[in-house]
Amino acid sequence: MNTKVNQVVILGGGTAGWMAAALLSKAFSKTNITLVESDQIGTIGVGEATIPSIHFFNDMLGMRSTEFAKATSGTFKLGIQFENWKAQGEQYFHGFGSTGLGMWAAGFHEYWQRGVELGISKPFGAYNAEGVAAKQNKFAHEQNGLNFAYHIDASLYAKFLKQVAENNGVKRVEGRVAQVNTDPQSGNISALALQNGQVIAGDFFIDCSGFKGLLINETLNTTFVDWSHWLPMDRAIPVQTRLQGDPPPYTRSIANHAGWQWRIPLQHRMGNGIVYSSQYMSDDEASKLLLDTIEGEKLTEPRLIKFVTGHREKLWNKNCVAIGLAGGFIEPLESTAIHIIQQGIMQLIKYFPTYGINDLEVNQYNNYMVKDYNEIKDFIILHYCQTERDDSPFWRFCKNMDIPESLKTRLDLFKKTGRFVQGKDEVFSDSWLQVMIGQGLIPEKHHPIVDEISEHELQNLLDRIENENKQKIDKLPSHKAFLDKYCRA
Ligand code: FAD
């Protein structure tokens, strides 16, 4: 299609729709953008934990971290505490930021491993500043060198983005799409016909309509790549409670016999939820397990959300790009959905079809997005397949399942040689090491260069890292004190 793109229509006003509207309107001030949403349908209303890549998005909108936390009733997140994942009763911390020191020939983990063999290393997490600070409920700003993300109230986030987008000239139309019009020759989408009689025409459409994918799926019938044979979770039940005590600067992920629960602290409330596989746990059992284990007064009623893990084979098809749940979904174990939304928008800006749609650019876009989905999928599977748990049919399935070749290669390399290789543009780096080791995958060997230093030198190195982290963290205020000082609305 060589038509110039002047009129962009975004369908959906959830996190995906308003993130797209806010950033596209900032990037392309001469393009007309209309966003259609339906209050009657509403949004999914979950999606409250982020990863550090969100700073890039906020920077582009000119948003400071304390302002952002204030606008979203947010708290700071230094990582995720995984409980009962490797084995019941055990926990480890996936902290943002790197563990130990950056080294080039052998990774820090290989020095750490030799220390384990000599009996002088502490647990791997003891050398990750974010994890150590999190467990002491400490937090302060970028200047202190801690890598962080946020826990946010999704509805306040959408409200905030809406304001940014409308200030940039985005036109919001309230109404429910009754019919999608397509061009009979090209098959491109030409307009959205609303139930109230309005017709919203456009040159280019962004499908942010949620799981059903009204444009990418129901109109363009784009193939869905189903990953449920690797990730059989297909249900979630969220419920909010009043916050008890001070909010910790981390998310908790607590595994059970057929899934896991999240705890996401905001300034004013705790987000709780259970994610599970309906093959291994009934909805009633999941709801009971969730309600029996939450703390504090219930602020919302639990509600069931069904999903299938996977993504559209083409995230960009004809004159439509799917962003957010319409494009795909991977369970929220590592809080990656908002990151994928952000990637979808940034890649769209990179390949924006102002002068017409070019198939070569469409392919680039799709390849990039599919690579991102794949990396995240592999990372999530790691949490399940690398486990010592075999106490339930679900965990026995996870322990014995076939895993994707890409993941198998990465895990085999690490196990047999201690080498960890990161691909270009991958979102997670040190995180892989923390989760592999946290889940009990310890390499059979370390790099020979590690043996070039004496045991005494190794001990000094480990102590130095610990002491430097301690000195940095001792100076930090508590997370609550930081929130009180800079981030209360
Ligand atoms: P939705 O919020 O569903 O929005 C869809 C929009 O389309 C709505 O505005 C709706 O009105 C509109 N619409 C639909 N049909 C029509 C129609 N016919 N006419 C007009 N308008 C229409 N992500 C994270 O990053 N971190 C997390 O911790 C996290 N936790 C999650 C937990 C769960 C259980 C789930 C299911 C998801 C989680 N996510 C998380 C993902 C996150 O919630 C979503 O990626 C994010 O909210 C984006 O949703 P969306 O905007 O694509 O869809």
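Between which two domains does the shell around the ligand lie? Domain 1 (7–48 + 153–225 + 309–375) and domain 2 (235–306) both contribute residues to the shell around the ligand, so it lies between them. The model is predicted: local features need pLDDT of at least 70, side-chain atom pairs count only at pLDDT 80 or more, and totals for chains, interfaces and linings use all residues. Residues are numbered from 1 along each chain as its sequence is written.

**View 1. The shell around the ligand.** The ligand is surrounded by 39 residues, a residue being near a molecule if its C-beta atom, placed from the backbone, lies within 6 Å of it. The closest are Gly12, Gly14, Gly47, Gly210 and Gly324. At least two residues of the shell come from each of α1 (15–27), β2 (32–37), β13 (235–242) and α8 (337–350); helices (H or I, at least four residues) and strands (E, at least two) are DSSP runs, numbered from the N terminus. By residue class, the shell holds 21 nonpolar, 15 polar and 3 charged residues. Here Ala, Val, Leu, Ile, Met, Phe, Trp, Tyr, Cys and Pro count as nonpolar, Asp, Glu, Lys and Arg as charged, and the others, Gly among them, as polar.

**View 2. The two domains.** The bounds of domain 1 and domain 2 come from an automatic or database domain assignment. Their C-alpha centres lie 29 Å apart. In this pairing, 7 residues of domain 1 are in contact with 9 residues of domain 2, contact meaning that the C-beta atoms of two residues, placed from the backbone, lie within 7 Å. The side of domain 1 that touches domain 2 has 3 nonpolar, 1 polar and 3 charged residues.

**View 3. Helices α1 and α8.** The axes of α1 and α8 come within 10 Å and cross at roughly 30°. This makes α1 roughly parallel to α8. Axes are lines fitted to C-alpha atoms, for helices over the stretch in contact, and angles run from 0 to 180 degrees between N-to-C directions. Angles under 35 degrees count as roughly parallel, over 145 as roughly antiparallel, 65 to 115 as roughly perpendicular and the rest as oblique.

**View 4. Helices α8 and α9.** Helix α9 (residues 359–385) packs with α8 at an angle of about 165°, the axes lying 10 Å apart. α8 is therefore roughly antiparallel to α9. The contact is made by Ile340, Gln343, Gly344 and Gln347 of α8 and by Tyr365, Tyr368, Met369, Asp372 and Tyr373 of α9. These residues divide into 5 nonpolar, 3 polar and 1 charged.
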